[in-house]
Amino acid sequence: MVDVWQTAMDHAVGAARRAGQVCCSGALIRCVDQVVREALQDDRKVMTKSSSVDLVTQTDQKVEQLIIQSVKEKFPTHRFIGEESVAAGESCVLTDAPTWIIDPIDGTTNFVHAFPFVAVSIGFSVNKQVEFGVVFSCLEDKMFTARRGKGAFCDGEPLQVSDQEDIKQSIIATEFGSSRDPEAVDRIFSSLRNVLCIPVHGVRGAGTAAINMCLVASGCVEAYYEIGIHVWDIAAGSLIVSEAGGVLMDVDGKDGGPLDLMSRRIVAANSRTIAERIVREIDAFGPPRDDEPLRR
Ligand SMILES: O=P(O)(O)O[C@H]1[C@H](O)[C@@H](O)[C@H](O)[C@H](O)[C@@H]1O
Ligand SMILES: [Mg+2]
Ligand SMILES: [Mg+2]
């Protein structure tokens, strides 16, 4: 029997690699070549979305269209939730239909500043459940993949989360996000202070949710949490973490509650013990959901 989702996943890996090549040639040019840099003035034009620090470039838009077009040719009935298509007014509702959830450049601020962590993230859901996730960390040239029930891999090598159960011996990843609303910033800092003062060994952030989650899956950090992310930031990475043996949760109550891809809140950890401890330390505010019609 033809394994239709495996065919789709193989397509996603190819599309992510091609998209990554487009992103990375741009990013590397930004690092090394002043002359080309000036010649690419238009391509470097940085625009903003929900706030003055929520950045988007023509490369984000171009890469998303490249991925969507290539998928449409092969899977004409599938649906899409793409970061830049939603920014352009498309709806952001997760249905039971096969749906490609695309972040063409996760880490656009890094991309703009040549901070060397940038990923293409492609998740694929059916019946609202992620079936596979592909994260291509293009400057590291690492391809992270996971298929539901079949494990998580980096360049074909199996991934396993860290076995550290003591949060005091852990590194936790998080981000500050793109809201500069003083109340939200205060809440993010208060959470960060609580986590830091547990105390943990350290707090890190790669500047991209997808790569932070791959760091959890690889056992390099014990957990990643963030409030304010979107479904396209976490769809692929969430499966990569769970297939590497990790746990995912929302930030409600004492036990976090099940991960809700649309809630804009996530804790992804190597173990339930560490995830629940983070939930207890952070201020669980709720930004407007991704599927809330009037959020823009
Ligand atoms: O907008 P892009 O796709 O670069 O993604 C976001 C990151 O993934 C977040 O973790 C991060 O905190 C930022 O909100 C960032 O915008
Ligand atoms: Mg993103
Ligand atoms: Mg993006």
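Let's begin with aspartate 106, which counts as buried because 34 C-beta neighbours sit inside 10 Å. For that word, the cut-offs are 20 or more other C-beta atoms within 10 Å of a residue's own for buried, 12 or fewer for exposed, and partly exposed in between, with C-beta atoms placed from the backbone. Before I go on: this is a predicted model, so local features need pLDDT of at least 70 and side-chain atom pairs count only at pLDDT 80 or more, while totals for chains, interfaces and linings use all residues. Residues are numbered from 1 along each chain as its sequence is written, and chains are lettered from A and ligands numbered from 1 in the order in which they are written.

Okay, back to aspartate 106. This residue lies in strand β4. Helices here are DSSP runs of H or I with at least four residues, strands are E runs of at least two, and both are numbered from the N terminus. What does aspartate 106 touch, not counting residues up to four places away in sequence? Its contacts are Ala119, Ser121, Thr208, Ala209, Ala210 and Asp233. By contact I mean C-beta atoms, placed from the backbone, within 7 Å.

Take Asp233 from that list. Aspartate 233 is found in helix α8, residues 231-243, and it counts as buried because it has 28 C-beta neighbours inside 10 Å. Leaving aside neighbours within four places in sequence, aspartate 233 is in contact with Asp103, Asp106, Ala209 and Ala210.

Now the record. The UniProt annotation "binding site", from an unreviewed entry, covers Glu83, Asp103, Ile105, Asp106 and Asp233. Those positions are spread over 151 residues of sequence, yet they cluster in space, with a largest C-alpha distance of 9.6 Å. One caveat: UniProt positions are given in the numbering used here, feature names are shortened, and annotations may be inferred rather than shown by experiment.

On to ligand 1. Which residues come nearest to ligand 1? Of the 14 around it, they are Thr108, Glu175, Gly177, Ser178 and Ala209. Near means a C-beta atom, placed from the backbone, within 6 Å of the molecule. Strand β4, residues 99-106, gives the most to this shell, with three residues. By class, the shell has three nonpolar, five polar and six charged residues. The classes are Ala, Val, Leu, Ile, Met, Phe, Trp, Tyr, Cys and Pro as nonpolar, Asp, Glu, Lys and Arg as charged, and the others, Gly among them, as polar. The shell draws at least three residues from each of domain 1 (4-158) and domain 2 (167-281), with bounds that come from an automatic or database domain assignment.

So how do the domains sit together? Their centres, taken over C-alpha atoms, are separated by 21 Å. At the interface, 35 residues of domain 1 are in contact with 26 residues of domain 2. On the domain 1 side, the elements giving two or more residues include β3 (79-82), β4, α5 (108-113) and β5 (119-126). The largest share of that side, six residues, comes from β6. By class, the side has 18 nonpolar, 12 polar and five charged residues.

Next, the core. The largest nonpolar core has 81 residues, and Ala223 and Ile240 touch the most other members. A nonpolar core is a set of buried Ala, Val, Leu, Ile, Met, Phe, Trp, Tyr and Cys residues joined through C-beta atoms within 7 Å. This core, too, draws at least three residues from each of domain 1 and domain 2. Among the contacts of alanine 223 are Ile274, Ala275 and Ile278. In helix α9, residues 272-281, those three are buried, along with Arg277, Val279 and Glu281. The buried residues of α9 pack against β10 (171-174), α6 (182-196), β12 (223-227), β13 (247-249) and β14 (265-269).

The peptide bond from isoleucine 198 to proline 199 is cis, with omega near 0°, and proline 199 is found in the loop between α6 and β11 (202-204). Lysine 128 has a positive phi of about 65° although it is not a glycine. Lysine 128 belongs to the loop between β5 and β6 and is partly exposed, with 13 other C-beta atoms within 10 Å. Aspartate 155 has a positive phi of about 50°, also without being a glycine. Is aspartate 155 buried or exposed? Aspartate 155 is exposed, with 9 other C-beta atoms within 10 Å, and it lies in the loop between β8 and β9 (157-158).

Conventions. Two residues are in contact if their C-beta atoms, placed from the backbone, lie within 7 Å.
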